[in-house]
Structures are given as C-alpha cells and as structure tokens.
Protein chains: 2
Amino acid sequence: MMNLYEIADFLKKNDNYEILTHAYPDGDTLGSGFALCLALQQLGKNARVITTNVPSKFRYLLNGVREQEFTAQTIVSVDVATDSLLGSNMGKYSGKTDICIDHHGSNTFTAKQKFVDKYAAAACEIIYKLLLRMDVKIDGNIAACLYTGISTDTGCFRYSNTTSETMRVAASLMEMGCNNVYINKVMFETKSKQKVQLEHAVYNTMEYCANGRCAIIYTTLEMLGKLDIGDDEMEGLASIPRQIEGVLLGITMREKEGRFFKISVRTNDSINASDFCTHFGGGGHPAAAGCTIKGDLETVKKQLIKAAEEFI
Amino acid sequence: MMNLYEIADFLKKNDNYEILTHAYPDGDTLGSGFALCLALQQLGKNARVITTNVPSKFRYLLNGVREQEFTAQTIVSVDVATDSLLGSNMGKYSGKTDICIDHHGSNTFTAKQKFVDKYAAAACEIIYKLLLRMDVKIDGNIAACLYTGISTDTGCFRYSNTTSETMRVAASLMEMGCNNVYINKVMFETKSKQKVQLEHAVYNTMEYCANGRCAIIYTTLEMLGKLDIGDDEMEGLASIPRQIEGVLLGITMREKEGRFFKISVRTNDSINASDFCTHFGGGGHPAAAGCTIKGDLETVKKQLIKAAEEFI
C-alpha cells in the first residue's frame with residue numbers, strides 16, 4: 001500500500017487522468033471524483049471523471065470542471081470497493097486502475113497500487129488529506145465536492161463512522177467556502193413529490209409484530225407503477241421502520257420482477273440484522289443486512305413475521 | 001456585558017446556585033443547565049437546575065448530577081431570551097437573575113449581568129468555552145450535555161447557524177466522550193408510534209396550490225383527539241411542506257380550541273415568510289414565521305390559498 005505522500009508524488013508526476021467512480025453514484029464517489037479532477041486540472045493536468053450517470057441533485061459538483069480532449073494514460077479509482085461496482089464501465093476499465101483510493105475496509109478492487117483507510121468516514125476525507133499533500137489550493141468548488149461526500153456518507157455527521165477528525169475536516173472545508181447550508185438542504189431537506197407520495201403509500205403498509213418490537217413495510221411493483229417512481233427514489237425507505245420508538249427489528253420488503261422480494265433489515269440495540277438474514281440465505285452488518293425471498297406478498301410477509309417473533 | 005473570564009471568576013467565587021432554563025425546554029437550555037450544574041458541583045459548589053419539566057428523551061442529561069440541599073444565593077439563566085420564557089417559574093424567579101448567558105441576539109432578559117453571543121450556534125457552545133475558563137475537567141457526562149445542545153440547535157450541523165467553530169467544539173466534545181451516536185439517534189432517528197401516525201394523517205391533508213410552489217398541511221382537534229397526541233409531538237411538522245421539491249412556500253395549519261388556527265409558514269429561496277404572515281397580523285423571520293387566523297378549516301384554508309397565489 002502506498003502512503004498519501006507517495007500518491008501525491010505519483011499524481012504530480014503523471015498526466016492524462018481518468019477517475020473512476022462507482023455505479024449508482026452517491027455523494028462520496030462523485031465528490032471524491034470531481035474534487036480530484038478539479039485538483040489535477042488546477043495543477044495543469046488533463047483529467048476527467050468516468051461515471052455511469054450524475055443524478056441532477058449532484059450537478060453542482062461539476063462547477064469549475066473543464067472538459068478536456070486527451071487520450072487517457074493514468075487511471076485512478078475513488079470509493080470503488082469491488083470491480084463489479086464499476087457497473088457498465090466494468091468492461092472497459094476492469095483491471096486497468098493504477099491507483100485505488102477507498103475507505104471500505106472490505107475493498108477487493110483490482111489495482112496496481114492502493115490506499116485504503118477504513119478509519120476515514122468518507123473517501124472525501126482521504127482526498128482532502130491527499131490534496132493538502134499535493135499542495136493544491138482547495139477553493140470553494142473543491143471544498144463543496146469534499147464536504148458533499150463527507151456529509152452524505154455520515155448522514156450529516158450522525159452515523160458512527162463520524163470521528164472528531166471528520167468534524168475538523170468539515171470545519172476546514174466550511175472555512176474554504178463549501179456552501180454547507182445549500183448542500184445539506186439539497187441532500188437532506190429536499191424530497192420529490194413522488195418520494196413524498198411513495199413514503200405515504202409505504203406508511204399505509206406498516207404492520208407491527210412481536211409486541212411492537214418489529215415493524216414491517218413493503219413496496220410492490222403495482223405501487224411503484226402507479227407512482228411512476230424510479231429506483232433512485234427508494235433510498236432511505238429501509239430506515240423508516242427502525243426509527244419507531246420501541247422497534248428493535250425494522251424490515252422493508254421490496255417486490256422485484258420475477259416473483260421475489262428484496263428484504264432490507266435494520267436493527268437497534270443488541271439485535272443482529274446479519275444473523276436474522278442468515279435464516280434466509282442473506283447477510284450483512286450487525287445493524288444493517290439483507291436477503292432475498294421468493295414468493296408472493298402474503299407468504300413472504302408471514303415467513304418474516306414468524307421468523308421475527310422467534311428471533312426477538 | 002461581562003466577558004467569559006469575568007463570569008468564570010464570578011462563578012468560582014460565589015456558591016449555592018440555581019440555574020434557570022426556559023419553558024418547553026429543548027436540548028440547548030437543558031444541556032447548558034445540566035452541564036453548568038455538573039461543572040459547579042465538580043468545583044465543590046452547591047447547584048441545581050430549575051426547569052418546568054424534563055422530557056423523557058433528555059433524562060440522560062441528569063447522569064452524574066447530585067441532588068443537594070441548600071438555600072439558593074446565586075441565580076444564573078441559560079438560553080432564556082425573555083422573562084416570559086421562564087413559564088411557570090416566572091413568578092418566583094423574574095428579576096432575580098445575577099448572570100444571564102444566552103446566544104439569542106434579541107435577548108431582553110432581565111439580569112444584573114449578561115453574556116450574549118449571537119454568533120454562537122447554541123448556548124452550549126458558550127458554556128463549553130466558559131467551562132474551559134473555569135478550569136473544569138469536561139468529562140463524558142458534561143460533554144454529553146454540551147453536545148446535545150449544539151447538535152439539537154443546529155439540526156445536527158445542518159442549519160445556517162453552524163460555524164466552523166461549532167464543528168470544532170463538537171469534535172472536542174466527541175474526544176471528551178460525549179456518546180454522540182446515541183445522542184443523535186435519540187434526537188433525530190427516533191419517533192413515537194403516535195408521531196408516525198400523526199405524520200401519516202398529516203400527509204393525507206397535503207394540498208398543493210400556486211402551480212405546486214405552495215403546499216399546505218393541517219391538523220385538527222379531531223385528528224389529535226383520535227391519535228391521543230400531545231403538543232410535544234407536534235414539533236417538526238411545520239418543516240414537512242417546505243421539504244418538497246419545487247415548494248417555495250410551506251404552510252402548516254393547526255386548529256386550536258376557540259375556532260382559530262395557528263399558522264406556521266416556512267419558505268425557500270427569496271420568498272419572505274414574515275412578509276406573508278404580515279397580511280394576517282403575524283410575523284417572524286425571513287424563512288420561518290407565523291400568524292393566527294380565526295375561522296373554520298375550509299374558510300381559513302381558502303384565505304391562505306388565495307394569499308399564497310397572490311404572493312408568489
């Protein structure tokens with residue numbers, strides 16, 4: 001593994017960069033990508049970000065980025081934990097990365113060199129430290145990219161990955177002009193009309209079991225069809241049942257094409273979400289896990305309720 | 001106005017403290033009160049916090065606080081902007097405060113000495129700096145009190161009052177053992193079953209006007225009666241309509257006893273909430289204001305829709 005000074009040296013010596021981000025891009029991979037792109041362009045390099053797409057709410061991350069014509073020579077990946085996470089860019093780029101920069105402890109991405117710091121709350125926290133070592137001037141545009149990744153990956157400084165260092169990096173980015181109020185408003189205080197309708201429809205499906213210690217919600221293909229809603233509006237749904245006072249096990253069922261359900265499980269206290277999902281051939285983390293169950297709505301729900309009542 | 005060193009000296013020289021907090025207590029007034037109480041007790045003083053009540057989710061703020069028998073000699077107020085905000089304690093304590101510590105620029109509280117810093121995101125940010133100057137050791141219990149006030153008054157570091165200094169104070173409190181993950185979970189990720197039902201009922205009332213640029217929701221006495229819900233469950237409702245993409249003017253109507261409605265207005269961009277409420281004899285801040293309108297649901301709603309369509 002290279003250290004940050006070695007990566008800074010490498011990036012200053014080479015040129016013509018393509019920066020890879022992960023599919024279904026979030027604030028951290030895009031913020032890391034565009035911050036690094038802006039930094040390299042500031043140093044007089046050619047650079048572009050490779051993405052599957054940039055959701056509209058993230059368009060401001062492109063402020064100041066210049067489109068440049070060049071043949072790529074150096075490939076850097078940011079926040080990409082596995083090769084398959086390149087999505088539709090996998091065919092073209094798999095195995096070609098020179099330097100992988102990431103904060104997922106589980107990183108298995110194929111690259112010549114790596115820097116993985118699982119203590120960092122976000123890849124953007126690493127990029128911030130890298131840019132300082134590259135003697136880049138972090139202006140308002142770069143600061144906005146980095147703040148976006150840190151804020152979104154920590155749920156606005158709420159999640160347990162937030163460290164005192166995270167807070168201090170964010171403080172510095174605010175002083176560098178990141179427009180934090182705008183960013184947090186867009187990321188955390190704005191919902192589309194469809195999202196509001198979807199949440200409302202989902203609340204209608206809420207069912208408690210295990211004496212109120214388990215709550216289950218679901219979406220069906222019919223519901224999504226009626227609301228004309230895309231997959232990117234589904235984020236955040238899984239956290240709804242666990243937020244309810246007294247609920248230890250929150251289950252979200254999402255019907256998929258082919259008569260099966262994707263199940264997301266979120267837990268509180270000592271209830272292990274991963275253990276629960278193991279019953280159904282799934283797994284994950286202690287507080288957030290998932291699995292897949294075949295069958296129709298009522299059958300799958302009955303199975304989950306039975307399992308929940310035995311488990312708690 | 002005294003400076004923080006003078007207040008620190010005063011507090012170290014005197015004894016037998018009562019610390020006043022404001023009615024309908026929030027995380028900042030309680031966090032400030034119990035942090036200062038713990039600090040004074042650590043210095044060998046007698047101290048107690050005077051509150052109208054402590055909502056159950058804030059009970060952890062009392063960790064480490066000892067109940068002491070003494071006759072009060074010195075009165076300090078924290079986060080109390082006006083005399084009337086003492087609520088049911090006004091009769092006993094009004095006009096008796098030695099030192100008022102606050103962060104509301106509009107402070108008119110009656111006290112012999114004051115320290116008001118409107119640049120501070122929370123009164124707890126001021127108390128943090130005061131305790132350092134009193135040479136108090138900020139342990140985990142004190143840090144939890146101070147972090148609670150800062151986190152709740154900034155909407156978890158989201159609102160425009162959050163400064164880089166706020167972030168750095170929070171970073172230090174995390175290092176002092178404030179248990180930030182637990183605090184943010186309780187404050188921002190936990191809803192009672194009644195609150196979930198209320199939100200759901202309120203979504204059912206949502207109506208758009210002015211081409212989707214205004215959204216109106218309401219609660220009626222009948223709805224609250226059915227759900228058996230208290231006034232403290234109403235917080236946060238007013239922010240629901242403004243969160244919707246494209247909505248510039250979010251209006252929340254709450255029916256009160258006596259055939260009238262309390263109206264809360266929240267706005268985005270250049271729409272002035274206070275100007276809107278002036279039409280109805282109310283007022284407030286540019287992005288958050290309120291007023292009172294007499295009449296039944298349909299009449300009041302029609303008036304608001306008409307005013308909104310003219311205003312936008």
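Visitor: What does T74(A) touch, leaving out residues up to four places away in sequence?
Guide: T74(A) touches F10(A), N14(A), D15(A), N16(A), Y17(A), E18(A) and D98(A); contact here means heavy atoms within 4.5 Å. This is a predicted model, where local features need pLDDT of at least 70 and side-chain atom pairs count only at pLDDT 80 or more, while totals for chains, interfaces and linings use all residues. Residues are numbered from 1 along each chain as its sequence is written, chains are lettered from A and ligands numbered from 1 in the order in which they are written, and side-chain values use heavy atoms, with hydrogens and water left out.

Visitor: Which strand is T74(A) in, and is T74(A) buried or exposed?
Guide: T74(A) lies in strand 3 of chain A, residues 74-78. Helices (H or I, at least four residues) and strands (E, at least two) are DSSP runs, numbered from the N terminus. With a relative accessible area of 4%, T74(A) is buried. The scale goes: buried under 20% relative accessible area, exposed over 50%, partly exposed in between, with a 1.4 Å probe and protein chains only.

Visitor: And what lies 2.8 Å from a polar atom of the T74(A) side chain?
Guide: The backbone oxygen of D15(A).

Visitor: OK, salt bridges. How many over all chains?
Guide: The count comes to 24, taking a salt bridge as a side-chain nitrogen of Lys or Arg within 4 Å of a carboxyl oxygen of Asp or Glu. One of them pairs the side chains of R48(A) and E18(A), at 2.6 Å from N to O. That pair links distant parts of the chain, with R48(A) in strand 2 (residues 47-50) and E18(A) in strand 1 (residues 17-20) of chain A, 30 residues apart.

Visitor: Which side of that pair is buried and which is partly exposed?
Guide: E18(A) is buried at 7% relative accessibility, whereas R48(A) is partly exposed at 25%.

Visitor: What does K306(B) pair with?
Guide: K306(B) forms a salt bridge with E310(B), and their closest N and O atoms are 3.6 Å apart. Both residues lie in helix 12 of chain B, 4 residues apart, or about one turn of the helix. Both K306(B) and E310(B) are exposed. There's also a network in chain A: E125(A), K129(A) and E165(A) are joined by salt bridges that share partners.

Visitor: Which residues of helix 4 of chain A are buried?
Guide: A123(A), C124(A), E125(A), I126(A), I127(A), Y128(A), K129(A), L130(A) and L131(A). That is 9 of the 11 residues of helix 4 (residues 123-133), so the helix is largely enclosed by the rest of the structure. Just after helix 4, D135(A) takes a positive phi of about 55°.

Visitor: Switching to the interface. How much do chain A and chain B bury between them?
Guide: About 3700 Å², 53% of it on carbon and sulfur atoms. Buried area is the accessible area (1.4 Å probe) that two parts lose on being put together, summed over both. In chain A, R158(A), K193(A) and Q243(A) lose the most area to chain B, together 20% of what that side buries. By contact, 39 residues of chain A meet 39 residues of chain B.

Visitor: How many salt bridges cross that interface?
Guide: There are 4. Among them, R158(A) meets E189(B) at 2.8 Å, N to O. R168(A) also bridges to E175(B), with the closest N and O atoms 2.8 Å apart. This pair runs from helix 6 of chain A to helix 6 (residues 164-175) of chain B.

Visitor: Last topic, rings. How many aromatic pairs are there over all chains?
Guide: A search of the whole structure finds 9. Rings of Phe, Tyr and Trp (its six-membered ring) pair if their centres lie within 6.5 Å; planes under 30 degrees apart count as stacked, over 60 as edge-to-face and the rest as tilted.

Visitor: Why is the pair of F276(B) and F311(B) called edge-to-face?
Guide: Their centres are 5.4 Å apart and their planes stand at 75°, so the pair is edge-to-face. F276(B) is in helix 11 (residues 273-278) and F311(B) in helix 12 (residues 297-311) of chain B, 35 residues apart. F276(B) is buried, at 0% relative accessible area, while F311(B) counts as partly exposed at 26%.

Visitor: Which residues do ring pairs link into a cluster?
Guide: Y147(A), F157(A), Y147(B) and F157(B).

Key. Polar contact = N/O pair within 3.5 Å; in protein donor to acceptor, adjacent residues only side chain to side chain.
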